[in-house]
Amino acid sequence: MKRYVLGISGASGSVYAVRVAKAIAEAGHELHLVFSAAGERVMIHETGMDGAAFMKDLGGSATGKIFRHESNDLFAPIASGSFRTDGMAIVPCSMAAVAAIAGGSGGDLLRRAADVHLKERRPLVVVFRETPLSSIHLRNLLVLSDTGALILPAAPAFYNKPTGMDDLVDFIAARVLSGLGMENDLIQEWGSGE
Ligand SMILES: Cc1cc2nc3c(=O)[nH]c(=O)nc-3n(C[C@H](O)[C@H](O)[C@H](O)COP(=O)(O)O)c2cc1C
């Protein structure tokens, strides 16, 4: 059993977070969830679920423990490097969060937990979603990459011939799970047959 942190910020693409959270919880791992304030609002807008409904939905199929932490709770375990985890993903990640994390300025619990993962040299997967990108965005992403984060744009591929939105979402979710070192079969490996 592993322990992962999932941060959900206010970029578009909450559906990616839903898929990643389900895969982690169904695999029996311990999951620590934190929404930014904007993250929960965007999830409500895009999926119709607030944080509580999301937790209920997750709980139905989870075999591992799931904890939700409030974004202003800087006393939560994930705010400290002494709380050992196997990695964190921010899905989706706003450019505001990218900037704050790259600047090391801390802030809410999501940003603090990301800071902790970088300083502890643990996996941090940053699924940013913005387009087009300014030079400021690009510089901030480079800072995070140079500091050890895996930069994973929410840009699904089409070479695997997706037949609907679920396939597009699974493509990104699979790459996030791989970035966290989690085996998964959400997508077929290229070259593995057909
Ligand atoms: C519906 C909606 C969609 C948004 N989509 C994005 C986005 O894709 N990328 C982004 O960087 N910001 C996006 N934003 C803006 C962020 O929510 C905003 O910058 C917010 O301050 C981010 O805060 P957070 O990093 O604490 O979540 C969106 C806002 C709304 C209301």
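Visitor: Where is the place of Pro-132?

Guide: This is a predicted model, in which local features need pLDDT of at least 70 and side-chain atom pairs count only at pLDDT 80 or more, while totals for chains, interfaces and linings use all residues. Residues are numbered from 1 along each chain as its sequence is written. Helices (H or I, at least four residues) and strands (E, at least two) are DSSP runs, numbered from the N terminus. The peptide bond from Thr-131 to Pro-132 is cis, with omega near -10°, and the place of Pro-132 is in the loop between strand 5 and helix 6.

Visitor: Which residue does a cis peptide bond join to Val-91?

Guide: Most peptide bonds are trans. The bond in question is cis, with an omega of about -10°.

Visitor: In strand 4, what is the bridge partner of Val-5?

Guide: Two strands pair if DSSP finds at least two bridges between them, and an open sheet of six strands is built with parallel pairing in the order 3-2-1-4-5-6. Strand 1 (residues 3-8) and strand 4 pair in the parallel sense over three bridges. In strand 4, the bridge partner of Val-5 is Met-88.

Visitor: Is Arg-121 buried or exposed?

Guide: Arg-121, found in the loop between helix 5 and strand 5, has a positive phi of about 60° although it is not a glycine. A residue is buried if 20 or more other C-beta atoms lie within 10 Å of its own, exposed if 12 or fewer, and partly exposed in between, with C-beta atoms placed from the backbone. Because Arg-121 has 10 other C-beta atoms within 10 Å, this residue is exposed.

Visitor: Which are the buried residues of helix 4?

Guide: The buried residues of helix 4 pack against strand 4 (88-93), helix 5 (109-119), strand 5 (124-128) and helix 6 (135-146), where a contact requires C-beta atoms, placed from the backbone, to lie within 7 Å. Just after helix 4, Gly-104 takes a positive phi of about 65°. Within helix 4 (residues 95-103), the buried residues are Ala-97, Val-98, Ala-100, Ile-101 and Ala-102.

Visitor: From which helix does the largest share of the shell around the ligand come?

Guide: The ligand is surrounded by 15 residues, of which the closest are Ser-9, Gly-10, Ala-11, Ser-36 and Ala-97, and a residue is near a molecule if its C-beta atom, placed from the backbone, lies within 6 Å of it. Helix 2 (37-47) and helix 4 each supply at least two residues of this shell. The largest share, four residues, comes from helix 2.

Methods. Contact = placed C-beta atoms within 7 Å.
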